[in-house]
2 protein chains.
Amino acid sequence: MQWPKNILVCEVGPRDGLQNEEKTLTVEQKVELIDRYVQAGAKIIEIGSFVHPKAVPQMADTDEVAKRIKRAAGVEYRALVLNIKGLQRAEAAGIQKAKLTVSASRAHSLSNLNRTPEEAVRGFEECAAYAAARGMTLSGAISTAFGCSMEGKVPLEQVISVIEAFQEIGVKELSLSDTTGMANPQQVYEYSLRVKEQFPDVIWNLHFHDTRGMGLANVMAGMMAGIVRYDSCFAGLGGCPFAPGASGNIATEDLVHMCHEMGIETGYDLDGIISIGRYVQQLIGYDTSSAILKAGKSCDIVKKQK
Amino acid sequence: MQWPKNILVCEVGPRDGLQNEEKTLTVEQKVELIDRYVQAGAKIIEIGSFVHPKAVPQMADTDEVAKRIKRAAGVEYRALVLNIKGLQRAEAAGIQKAKLTVSASRAHSLSNLNRTPEEAVRGFEECAAYAAARGMTLSGAISTAFGCSMEGKVPLEQVISVIEAFQEIGVKELSLSDTTGMANPQQVYEYSLRVKEQFPDVIWNLHFHDTRGMGLANVMAGMMAGIVRYDSCFAGLGGCPFAPGASGNIATEDLVHMCHEMGIETGYDLDGIISIGRYVQQLIGYDTSSAILKAGKSCDIVKKQK
């Protein structure tokens with residue numbers, strides 16, 4: 001049983017977490033969260049999305065957020081875009097890294113966009129050319145990569161086909177996302193090994209939800225397949241649309257805590273991100289499913305007793 | 001990455017779960033839960049404890065429960081006992097398998113019992129002789145085997161020393177219990193490999209709590225070390241005394257769901273135990289931390305859409 005000595009934990013809270021909240025935070029609050037998270041060790045942070053404000057009102061102020069955050073050296077500030085317009089907004093706001101999302105599920109992609117996943121990727125050709133010409137980098141997120149609410153388990157061959165499409169437009173960094181919380185460790189291990197083997201030059205990232213309690217077990221499986229980048233979300237925000245009340249993304253505190261307990265370095269100040277997680281709960285006004293925010297670190301109960 | 005083709009999931013809810021609840025269930029309710037769980041596939045079930053009724057009032061009626069449950073062929077009905085008196089009560093109630101608990105932590109054992117863990121095990125010599133003479137079998141549970149609120153991480157050598165003491169009194173089945181929810185997958189793997197290697201004739205069992213979100217990841221680590229028996233608790237009852245509101249034992253629904261998704265057989269009817277889990281929540285009057293009871297099975301969201 002082998003796992004990496006260190007992993008890169010990408011904080012997606014400001015985008016993937018907050019976009020799911022009923023309460024929209026202010027620009028100041030978002031900027032504070034992002035700046036504090038970077039200070040606590042984030043090396044990649046997804047600060048928001050450049051999409052139509054009517055589609056996701058919680059993200060309407062991403063341009064302003066991007067302009068106000070302190071830019072720390074060596075930190076990658078990333079944002080989600082859906083098209084060339086969004087990419088241009090990102091550029092104007094000084095965001096050099098953009099994330100493009102495509103659903104691996106044919107049924108889901110056809111139903112949402114009336115295009116196959118491969119067609120959806122090819123639709124990003126203009127973005128890819130634009131980014132290449134301006135030295136911006138792109139990251140491709142393959143959602144429903146493990147399972148989909150419309151077609152169930154998404155076959156690995158289907159995922160591979162979407163990866164190939166992304167390769168054709170020159171995207172070198174890809175994420176497999178378990179949007180629906182359906183992935184299990186066997187499947188994660190199988191898919192991860194295969195994509196790493198078949199596409200060794202891609203920078204691989206995994207994105208899990210803890211909807212069915214398997215979030216950290218899936219990270220273990222990914223690590224054992226040699227993948228060293230994982231998305232997670234402060235306080236574990238970002239529920240599941242198909243299961244109201246269920247857990248959301250894996251909580252960054254939970255992931256970093258497990259890694260540190262296992263001797264895996266993340267570069268995060270765990271106490272710092274726990275404190276930010278508690279602050280997030282205050283801002284959104286309720287207690288989330290983050291285990292560490294409920295129970296504290298393993299060593300805390302020892303200190304309490306002493 | 002190798003895991004077993006099938007595992008044995010021991011249901012500890014009627015004892016470890018219900019003993020932590022403020023509300024005490026009736027004999028009828030307990031009998032119904034046990035009988036239904038066995039019908040849904042439990043092959044080992046911990047039905048209660050034979051301890052002093054003042055110490056654990058929730059378990060005061062275990063004699064009555066034991067007498068009323070239907071005995072299914074091939075099922076092991078187990079109960080916790082603390083001493084020869086408890087063992088005799090178990091025998092009188094027709095329970096042939098008794099569990100003895102000792103804390104691996106010296107500090108914890110000395111503070112609770114004024115005895116070292118090894119002395120505590122030797123204190124069970126009379127029980128061992130009694131059981132051997134009557135064809136009863138004993139199972140040893142080593143609590144705080146990974147961490148303790150008084151001394152932090154419990155060293156493997158200390159755990160080994162307790163195992164040796166159990167070997168000396170002839171106990172052939174042992175469980176390492178993460179009572180405080182402090183175990184991490186690296187530690188579980190290390191401890192499991194070592195105890196299996198050093199004591200190959202022992203029947204090994206692991207017992208995890210999901211206090212810090214690592215419950216199922218710890219099961220994965222144990223499976224990869226080749227351990228095939230796991231305790232879990234219906235609806236994930238049994239919180240952590242040091243962290244009010246934190247998760248309890250790993251939920252049987254969550255464990256069985258993960259295994260079935262991975263193609264690991266458990267012999268359980270998953271829908272059956274989910275239905276019992278929901279009934280448990282009704283009986284105790286609140287929603288527990290079980291992920292599957294909140295989110296449903298992975299395949300449920302597909303069915304809902306179709």
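## Polar and charged contacts between the chains

Between chain A and chain B, six residue pairs are in polar contact, with both residues of each pair at pLDDT 80 or more. The model is a predicted one. The elements of chain A that each give two or more residues to the side touching chain B are α9 (185-198), α10 (215-224), α11 (252-262), α13 (291-295) and α14 (298-305). Sorted by class, that side of chain A has 24 nonpolar, 13 polar and seven charged residues.

Salt bridges between chain A and chain B number zero.

## Extent of the interface

The contact involves 44 residues of chain A and 44 residues of chain B. The area buried between the two chains is about 3600 Å². Carbon and sulfur atoms give 67% of that area.

## Relation of the two copies

## Salt bridges

Side chains of opposite charge can pair when their charged atoms come close. Over all chains the count is 36 salt bridges, against zero between chain A and chain B.

One of the salt bridges joins Arg134(A) to Glu91(A), with the closest N and O atoms 3.3 Å apart. Arg134(A) is in helix α7 (residues 125-134) of chain A and Glu91(A) is in helix α4 (residues 84-92) of chain A, so this pair ties together parts that lie 43 residues apart in sequence.

## Aromatic pairs

Eight aromatic pairs are found over all chains. Among them is the pair of Phe146(A) and Phe208(A), which is tilted, with 40 degrees between the planes and 6.0 Å from centre to centre.

Both residues of this pair lie in loops: Phe146(A) between β5 (137-143) and β6 (147-148) of chain A, and Phe208(A) between β9 (203-207) and α10 of chain A. The pair therefore ties together parts that are 62 residues apart in sequence. Helix α10 is also one of the elements that give two or more residues to the side of chain A touching chain B.

Definitions and conventions. Residues numbered from 1 in each chain as written. Chains lettered and ligands numbered in written order. Predicted model: local features only at pLDDT ≥ 70, side-chain atom pairs only at ≥ 80, totals over all residues. Heavy atoms only, no water. Contact = heavy atoms within 4.5 Å. Buried area = accessible area lost by both parts, 1.4 Å probe. Salt bridge = Lys/Arg side-chain N within 4 Å of Asp/Glu carboxyl O. Polar contact = N/O pair within 3.5 Å; in protein donor to acceptor, adjacent residues only side chain to side chain. Helix = DSSP H or I, 4+ residues; strand = E, 2+ residues; numbered from the N terminus. Nonpolar A, V, L, I, M, F, W, Y, C, P; charged D, E, K, R; others polar. Phe/Tyr/Trp six-rings, centres within 6.5 Å; stacked < 30°, edge-to-face > 60°.
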